[in-house]
Amino acid sequence: MNNIVLIGMPGAGKSTAGVVLAKTLGYEFIDADLIIQKEEGRLLKEIIDREGISGFLAIENRVNAGIETERAVIATGGSVVYGQKAMEHLKAAGTVVYLRLSYEVLEKRLHDIRGRGVVQKEGQTLLDLYRERIPLYEKYADIVVEADNRNVEETIEIIAREYRARNQTSHNA
């Protein structure tokens with residue numbers, strides 16, 4: 001259980017913080033969305049367009065449930081929390097860190113959400129998506145980091161401190 005799994009909305013900084021955090025800890029960095037694209041041979045947006053939301057979620061669930069690694073920072077796609085099998089696997093493989101953003105900050109960061117390959121139902125607004133996902137992120141999180149008004153260095157400092165404290169406590173128990 002020595003991996004760090006980053007979850008949160010698109011634009012929360014999972015990939016950006018993940019790369020720097022992995023360097024800081026001497027861990028491998030894994031971007032789950034890039035694994036999906038490599039295995040499928042298409043962009044996320046193309047998978048969603050061709051397979052539909054449920055087809056994409058099935059692929060995402062399968063790929064994330066199959067990630068086997070040690071000492072890695074794993075940046076997941078924002079919709080990973082819809083896959084119970086994937087989330088059970090990732091929780092068993094490491095510490096799940098939720099990078100929480102307020103809706104106001106999220107809205108400023110995201111311009112073309114559909115161009116990013118984001119799972120969004122027809123007619124669903126960004127606010128609808130945000131409200132739908134928040135309880136899932138909170139359900140699976142071992143650590144919650146408030147990412148509003150924090151730069152990458154501040155965010156990874158908090159993640160590293162909380163991760164070390166959590167793992168020290170579990171080793172002493």
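A salt bridge here is a side-chain nitrogen of Lys or Arg within 4 Å of a carboxyl oxygen of Asp or Glu. I am working on a predicted model, where local features need pLDDT of at least 70, side-chain atom pairs count only at pLDDT 80 or more, and totals for chains, interfaces and linings use all residues. Residues are numbered from 1 along each chain as its sequence is written, and side-chain values use heavy atoms, with hydrogens and water left out.

**Entry: Asp-142**

I looked up Asp-142 and found a salt bridge to Arg-166, with the closest N and O atoms 3.4 Å apart. This pair links distant parts of the chain, 24 residues apart: Asp-142 sits in the loop between α6 (126-140) and β5 (143-146), and Arg-166 in helix α7 (residues 152-172). Helices (H or I, at least four residues) and strands (E, at least two) are DSSP runs, numbered from the N terminus.

(Buried means under 20% relative accessible area, exposed over 50%, partly exposed in between, with a 1.4 Å probe and protein chains only.)

**Entry: the whole structure**

My search of the whole structure gave nine salt bridges.

**Entry: Glu-40**

I then checked Glu-40, which pairs with Arg-62 at 2.9 Å between the closest N and O atoms. Glu-40 belongs to helix α2 (residues 32-40) and Arg-62 to helix α3 (residues 44-65), 22 residues apart.

**Entry: Asp-49**

Next came Asp-49, whose side chain meets that of Lys-45 in a salt bridge (3.1 Å, N to O). Both lie in helix α3, four residues apart, about one turn of the helix. Asp-49 counts as exposed because its relative accessibility is 57%, while Lys-45, at 37%, is partly exposed.
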